Amino acid sequence: MYRKVIVAIALGGIDKGEKILRKAASLLDAGGEIIALNVVEDVPSYVAIELPANMIEDAMKDSREKLEALITAAGVTATIEIANGPPAKAIISTAERRGADLIIVASHVPDFSNYFIGATADRVVRHAKCSVLIDRQKV
């Protein structure tokens, strides 16, 4: 069905990652590619001054290690990509740059702030130029 699938995985919800990686594998064409993507958010400058200088680099390294373990546990073949910046923007730009024809994003039950700011999944759905599958998580 799909030749290139971006699977956006938040490390806070890594337990859901195996499920969506397997879902991606089931939707993938023979010879297709899964790209497991994690986005490390920027730290506001007023907070960054109090943090170690290499914090973002360490977070990106930690993300890569956790995604490698997750991919192994899920038993799928996937390329790992770690991005930096606002999550929705990074997911969409990675999908465009890689020529993805599907993005899979796990969603959660929205909290009060999501009604004013909007969840990452909401932004991806509104702005992506390819199909988006939202894996709704049960409470």
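This is a predicted model: local features need pLDDT of at least 70, side-chain atom pairs count only at pLDDT 80 or more; totals for chains, interfaces and linings use all residues.
## Overall layout

Let's start with the chain as a whole. Its secondary structure amounts to 5 helices and 5 strands, and reading from the N terminus the order of elements is β-α-β-α-α-β-α-β-α-β.

Of the 139 residues in the chain, 38% count as buried. Contacts that reach across the sequence are well represented: among those between residues at least 6 apart, 76% link residues at least 24 apart. The chain exposes about 8,100 Å², with carbon and sulfur atoms supplying 55% of that area.

The largest nonpolar core holds 20 residues, and Val-5, Val-7, Ile-9, Leu-21 and Ile-104 have the most contacts inside it. At least two residues of this core come from each of strand E1 (2–8), H1, E2, H3, strand E3 (79–84) and E4. There is also a second, separate core of 17 residues, which includes Ala-90, Ile-91, Ala-121 and Ala-128.

Setting aside neighbours within four places in sequence, Leu-21 touches Val-7, Ile-9, Ile-34, Ala-36, Leu-70, Ile-71, Ala-74 and Val-76.

## A look at Ile-80

Ile-80 sits in strand E3. Its relative accessible area is 15%, so Ile-80 falls under the 20% cut-off and counts as buried.

Which residues does Ile-80 contact, leaving aside its neighbours within four places in sequence? They are Ala-36, Arg-64, Leu-67, Glu-68 and Ile-71. Ile-80 and Val-7 lie 73 residues apart along the chain, and their C-alpha atoms are separated by 9.7 Å.

## The largest pocket

Now for the open space. The largest pocket has a volume of about 630 Å³. It is lined by 27 residues, of which Ile-9, Ala-10, Leu-11, Pro-87 and Thr-120 are the closest to its centre.

Several elements contribute to the lining: helix H1 (14–27), strand E2 (28–40), helix H3 (55–74), helix H4 (87–98), strand E4 (102–107) and helix H5 (120–127) each provide at least two residues. The largest share, 4 residues, comes from E2. By residue type, the lining divides into 15 nonpolar, 9 polar and 3 charged residues.

Technical notes
Residues are numbered from 1 along each chain as its sequence is written. Side-chain values use heavy atoms; hydrogens and water are left out. On a 1 Å grid over the protein atoms alone, a cavity is a set of points where a 1.4 Å probe fits but cannot get out, and a pocket is an open set with protein on both sides within 12 Å along at least five of seven lines; lining residues have an atom within 4 Å of a point. Grid points are joined across faces, edges and corners, and a volume is the space filled by probe spheres set on the points. Ala, Val, Leu, Ile, Met, Phe, Trp, Tyr, Cys and Pro count as nonpolar, Asp, Glu, Lys and Arg as charged, and the others, Gly among them, as polar. A nonpolar core is a set of buried Ala, Val, Leu, Ile, Met, Phe, Trp, Tyr and Cys residues joined through side-chain atoms within 4.5 Å. Buried means under 20% relative accessible area, exposed over 50%, partly exposed in between (1.4 Å probe, protein chains only). Contact means heavy atoms within 4.5 Å. Accessible areas come from the Shrake-Rupley method with a 1.4 Å probe; for residues, only the protein chains shown count as cover.
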